[in-house]
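These are my notebook entries on a single structure. I record here what I looked up, topic by topic.

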Amino acid sequence: MDIDAWVWWLIVAAGLGIPLVLTAMPELGMFAVGALAASVTAALGGGIVAQVLVFVVVSVALIAVVRPIAARHRAGQTGHASGIDALKGRQAVVLERVSAAGGRVKLAGEVWSARSLDEDQVFEPGKQVDVVDIDGATAVVM
């Protein structure tokens with residue numbers, strides 16, 4: 001039984017595609033696309049040298065083009081702050097006098113206990129303050 005070269009390239013592409021799904025290594029997918037291109041070359045009558053050359057050129061081109069784009073995309077993503085991390089850096093309105101001993105602020109639509117960062121600072125009601133930290137259930141403001 002003689003199998004055509006393009007079928008072998010399809011088998012190689014499938015063989016590279018399966019680990020791609022299992023390991024999530026995108027390079028395997030790029031090699032699989034190179035194998036598909038080599039399969040098309042074989043189906044169109046290209047010789048083994050042309051097939052291997054197409055496989056290498058397509059695979060290397062995909063790696064050279066796609067990896068830097070993916071790296072830029074991955075580096076550009078910043079994690080969205082959530083929970084108390086999302087409150088740091090926001091502004092709050094003083095509801096009850098805030099000092100180092102305590103007080104109350106309205107932060108993100110909720111009433112929070114608060115204390116000033118600097119022991120000498122005192123904030124009167126109505127004043128806008130910046131939240132620099134969350135200590136337990138207390139906003140540390142300045």
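**Entry 1: aromatic rings.** I began with the rule for ring pairs: rings of Phe, Tyr and Trp (its six-membered ring) pair if their centres lie within 6.5 Å, and planes under 30 degrees apart count as stacked, over 60 as edge-to-face and the rest as tilted. By this rule I find two aromatic pairs. One of them joins Trp9 and Phe55, a tilted pair with 5.3 Å centre to centre and 35° between the planes. The pair links distant parts of the chain, with Trp9 in helix H1 (residues 5-23) and Phe55 in helix H3 (residues 48-76), 46 residues apart. I note that helices (H or I, at least four residues) and strands (E, at least two) are DSSP runs, numbered from the N terminus. Trp9, Phe31 and Phe55 form one aromatic cluster. Are Trp9 and Phe55 buried or exposed? Both Trp9 and Phe55 are buried, a term that means under 20% relative accessible area, with exposed over 50% and partly exposed in between (1.4 Å probe, protein chains only).

**Entry 2: basis of the values.** I record that the model is predicted, that local features need pLDDT of at least 70 and side-chain atom pairs count only at pLDDT 80 or more, while totals for chains, interfaces and linings use all residues. Residues are numbered from 1 along each chain as its sequence is written, and side-chain values use heavy atoms, with hydrogens and water left out.

**Entry 3: the barrel.** I next looked up the strands. Five of them close into a barrel in the order E1-E2-E3-E5-E4, with mixed pairing. Neighbouring strands of this sheet are turned by 50° against each other on average, direction ignored; the axes are lines fitted to C-alpha atoms, for helices over the stretch in contact, and angles run from 0 to 180 degrees between N-to-C directions. Strand E1 (residues 91-99) pairs with strand E4 (residues 128-135) in the antiparallel sense over three bridges. Two strands pair if DSSP finds at least two bridges between them. Which residue of E4 is the bridge partner of Ala92? I find Val129 in that place.

**Entry 4: Ser116.** Ser116 is found in strand E3 (residues 110-116). The side chain of Ser116 reaches the backbone oxygen of Gln121 at 3.2 Å. Leaving aside residues up to four places away in sequence, Ser116 touches Val98, Ser99, Ala100, Gln121, Phe123, Val140 and Val141; contact means heavy atoms within 4.5 Å.

**Entry 5: salt bridges.** A salt bridge is a side-chain nitrogen of Lys or Arg within 4 Å of a carboxyl oxygen of Asp or Glu. By this rule I count five salt bridges. In one of them, the closest N and O atoms of Arg67 and Glu27 are 3.4 Å apart. Arg67 lies in helix H3 and Glu27 in helix H2 (residues 26-43), so this pair ties together parts that are 40 residues apart in sequence. Arg67 is partly exposed, at 44% relative accessible area.

Arg115 forms a salt bridge with Asp135, the closest N and O atoms being 3.0 Å apart. That pair links strand E3, which holds Arg115, with strand E4, which holds Asp135, 20 residues apart. Arg115 is partly exposed at 28%, and Asp135 is partly exposed at 43%. Salt bridges that share partners join Asp85, Lys88 and Asp133 into one network.

Key
Polar contact = N/O pair within 3.5 Å; in protein donor to acceptor, adjacent residues only side chain to side chain.
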